[in-house]
Amino acid sequence: MEALRQDDPRRFGPYTTLARVRESAVAVHFLARGADRDGLALVTAARPALASVPAFRRRFRSEARTAERLAGGPVPRPDVSPEGDGLWTATAYVPAVTLSEAIGLAGPLPERAVRVLGAGLAGTLSRVHASGAVFQGLAPGTVLVAEDGPRLTAFGPLGAAAHAEAREGGQLSVRLGYLTPEQVEGQEAGPASDLFVLGLLLAYAATGTTPLADGPAEEAAERIAHGSAELDSVPVGLRALIAGCLSKDPADRPTAGSVAAELAPEGAADRAQGGWLPAVLAAAVTDQAARARALEPPAGPVDDGPRVPPVEERTPTDAVPTGAALPDGGAPGHVVPPGGGHDGDPGEDSRTTRFLGTGARTPRSDRATAQLTLPEEVTNTAPPRLPAAGPPPAQPYAHPAFTAAPPALPAAAPPAAAPRTGPVTGRRALLTAVAAGAAGLVLGGAAVAALGSDGSASATTDEKPAAEPRPALPGRPPEPRWTYARPAKAPAPLTAGVWQDRLLVLTDTAGATAVDLRTGRKVWERADAAGAQSVLTAGEDLCFLAAPTEFLWLSPEDGRIRHRVRFADQFDGVPDMKVAPLTGQSGSVLWFTGSHTVTVRAPKPKKGKKRGKDTQVVKAYFFAYDVVRREEVWRVAVPAGRAPGTPAYRLIAARNADLVVRQDTGTLTPAEVRAGQGKALFRCFDRTTGKPLWNRRFGTVAPGGAAAGDQEGRLFGAVGDDLGAFETGSGKPLWTLNGTASSVFGTPVAAGALLHTTNRDQEVGAVERATGKVLWRRSTEVPAGDGCPALTLSGSGRTLLAADASQVTAFAAADGRRLWKFQDIGAPAPEGAAVTAPYRVLATGKTSVVVQRERAFYAFPVE
């Protein structure tokens with residue numbers, strides 16, 4: 001403990017602070033006395049720089065509610081601050097030291113003490129798992145060693161954070177303490193993950209070192225995933241149990257209840273009776289109690305000191321205040337407690353999913369970690385980089401322990417502010433990034449958090465390219481080269497397209513915007529291009545936009561409209577033409593359907609008969625149009641669709657001599673639906689003249705079923721639960737890829753000799769196009785849903801990206817190695833509604849992709 005500092009609050013609600021106990025990654029802990037002056041309390045006050053982030057506030061209170069639900073035994077019941085009174089919790093003070101400090105004071109614990117420790121922790125985990133949740137709050141600094149048994153002080157990733165900081169623009173980055181093999185391999189954490197971390201903690205308590213997880217992050221992650229735990233120093237009576245907890249396969253690990261029963265059949269509390277701590281630790285705990293009792297609040301009225309403003313009044317500050325004290329790191333060789341460490345510089349995390357970029361960091365020797373990032377807003381430039389040299393920054397706070405605070409270290413100067421697009425407009429909840437780009441672990445029962453901006457980027461291009469990001473660690477997404485977000489006040493994008501690998505062009509009902517693909521900076525914005533629904537390339541010099549009533553050609557330099565063709569002026573004989581979404585494009589030629597209504601006059605009646613009524617008839621056409629020459633190539637009459645009459649065609653294959661299309665189900669007439677009997681009708685047209693060549697159905701491919709073609713005359717389509725290949729010229733089946741009862745296939749992607757597949761089981765894979773032979777199949781680790789991941793191949797053809805409503809997963813196209821996963825948190829609407837839009841991936845050149853989620857865009861380097 002140490003005396004209160006000048007700026008420390010003197011009061012939290014009814015609690016009067018007496019001393020500063022210690023700091024953690026997310027909070028500072030005070031010893032306090034209640035209003036009745038009876039009994040001591042431990043007040044945990046969130047750091048203002050973090051408490052100003054809305055998602056942090058929600059997560060902080062969520063973890064406090066978890067503590068309330070688990071209260072009893074090793075879990076103290078918290079008193080939570082009311083809304084508007086800062087952000088803090090208070091619990092009854094229990095003299096104790098953290099597990100990391102205990103090892104530092106006494107060295108490895110005797111077997112009996114390890115059993116009491118493990119039984120107490122496992123009992124709490126069992127209660128958590130019974131509710132269907134994952135604890136994810138175990139770390140050497142979150143476990144307190146008290147006279148009557150262990151105590152837990154963290155109930156989720158915030159409390160168990162090894163490091164946390166609010167970065168430029170209000171971003172929040174939190175690094176957890178331990179990874180598990182399934183997280184390193186990209187799988188979702190589950191209850192068995194808590195058992196793996198419990199095994200690491202018990203081995204640490206028994207030996208003073210952590211098997212697998214000590215040392216540099218990259219090496220630790222590799223050992224966790226594939227190495228064998230060295231347990232020779234663990235007492236023989238504990239070795240088998242700890243080895244079981246450290247099994248690579250989560251299914252092979254014991255349950256929390258069985259661990260508690262094996263370690264202490266009579267219960268941890270009963271086994272702790274009569275003393276369970278070594279003499280040096282018992283003396284340390286007794287000394288802590290005596291020192292705490294000796295503290296008295298000041299006589300007379302209490303000066304509240306600096307006011308603790310409600311978080312809504314605060315502005316984000318630098319992550320670590322100058323002069324912040326470092327907690328004791330413990331004995332050499334042990335796992336540094338959360339927030340502790342002697343090196344002091346912020347390190348690269350190993351094998352993590354990144355929720356927005358947080359900037360490159362200097363290397364650090366640290367154990368494998370998991371990270372979450374909660375951006376207050378996104379910037380539209382490359383993330384700032386910390387200096388490679390200079391004094392180390394002050395460490396964040398460490399979890400409650402009751403020892404004198406070590407001397408403070410100077411803080412590093414904060415990085416220069418990067419240009420920002422503006423403040424966030426709202427936030428959902430908080431997703432934890434887990435190892436290896438694993439699927440986000442839902443915390444507190446809800447996925448949360450953040451992204452938004454006013455998009456006020458400079459109207460001129462920054463000629464300096466974004467800094468090349470550092471290579472990503474295995475499983476973790478690479479640092480985005482830049483991020484960009486459309487303003488919350490602007491309409492949501494209608495579409496986005498890439499022009500010549502130079503511009504990302506976005507359209508909405510208010511206009512069109514171009515973003516430099518090198519820097520992420522807004523280049524121009526044009527209101528007179530409002531409503532465009534497609535973005536295409538028109539040669540080397542112009543960007544082509546298709547609007548509902550006209551075609552536009554824009555200058556890529558400033559967005560000025562160079563040419564405008566209204567349908568009424570360009571397409572003779574089709575007045576008031578209504579155009580469906582474009583069918584597709586190949587080279588300079590695009591295809592689309594259009595229709596208009598004509599009046600058919602009733603025939604002249606026979607003598608003595610009344611003249612009949614005129615009728616309205618829809619005439620529809622399929623057009624080929626050259627966007628470079630700005631002229632119609634051909635048109636052919638096609639059957640009209642459902643009212644109002646324009647059929648919408650989807651391009652299935654554009655080959656050298658012909659093209660194959662299929663009509664969207666929503667535009668089929670009732671008669672066409674009945675005639676199809678549940679099967680899709682494909683149409684083939686001569687590419688040069690537009691002459692219809694054939695209409696054909698393939699197997700039982702449904703009208704809305706996935707379908708794609710290739711240059712060799714094959715068509716691939718979803719046939720029930722299977723994927724079938726057909727010869728388009730004859731309709732003859734070529735091969736069938738069998739699926740399961742739920743694995744309805746999505747649209748495949750042809751690439752060279754391979755066909756990349758996707759299905760509703762959230763699996764992607766690769767088969768030989770000619771034979772259907774399976775080469776590899778992998779899961780995205782996303783819970784199965786109604787849709788299939790959408791596939792995009794990078795420009796180099798080496799990386800396959802699968803996008804769905806939950807995340808983007810990157811695979812090596814050749815062998816299916818899972819490379820990384822990415823989840824942002826979405827840009828909420830101004831009223832705070834959660835974003836549910838799926839992710840979309842746009843390939844840009846050979847070494848980059850742009851990931852979109854509604855208003856948010858990220859440029860990632862890829863192979």
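I take a residue as buried when its relative accessible area is under 20%, and I keep in mind throughout that I am reading a predicted model.

Entry on aromatic pairs. I looked up the ring pairs and found a count of 31 aromatic pairs. I then went to phenylalanine 551 and phenylalanine 567, whose ring centres are 4.9 Å apart with planes at 75°, so I noted this pair as edge-to-face. Because phenylalanine 551 belongs to strand β22 (residues 550–554) and phenylalanine 567 to helix α12 (residues 567–570), the contact ties together parts that are 16 residues apart in sequence. I checked accessibility as well: phenylalanine 551 is buried at a relative accessible area of 0%, and phenylalanine 567 is buried at 2%.

Entry on a second partner. I followed phenylalanine 551 to tyrosine 625, where the centres lie 5.3 Å apart and the planes stand at 55°, so I recorded the pair as tilted. Since tyrosine 625 sits in strand β27 (residues 615–626) and phenylalanine 551 in strand β22, this pair ties together parts that are 74 residues apart in sequence. I found phenylalanine 551 and tyrosine 625 both buried.

Terms used. Residues are numbered from 1 along each chain as its sequence is written. This is a predicted model: local features need pLDDT of at least 70, side-chain atom pairs count only at pLDDT 80 or more; totals for chains, interfaces and linings use all residues. Side-chain values use heavy atoms; hydrogens and water are left out. Rings of Phe, Tyr and Trp (its six-membered ring) pair if their centres lie within 6.5 Å; planes under 30 degrees apart count as stacked, over 60 as edge-to-face and the rest as tilted. Helices (H or I, at least four residues) and strands (E, at least two) are DSSP runs, numbered from the N terminus. Buried means under 20% relative accessible area, exposed over 50%, partly exposed in between (1.4 Å probe, protein chains only).
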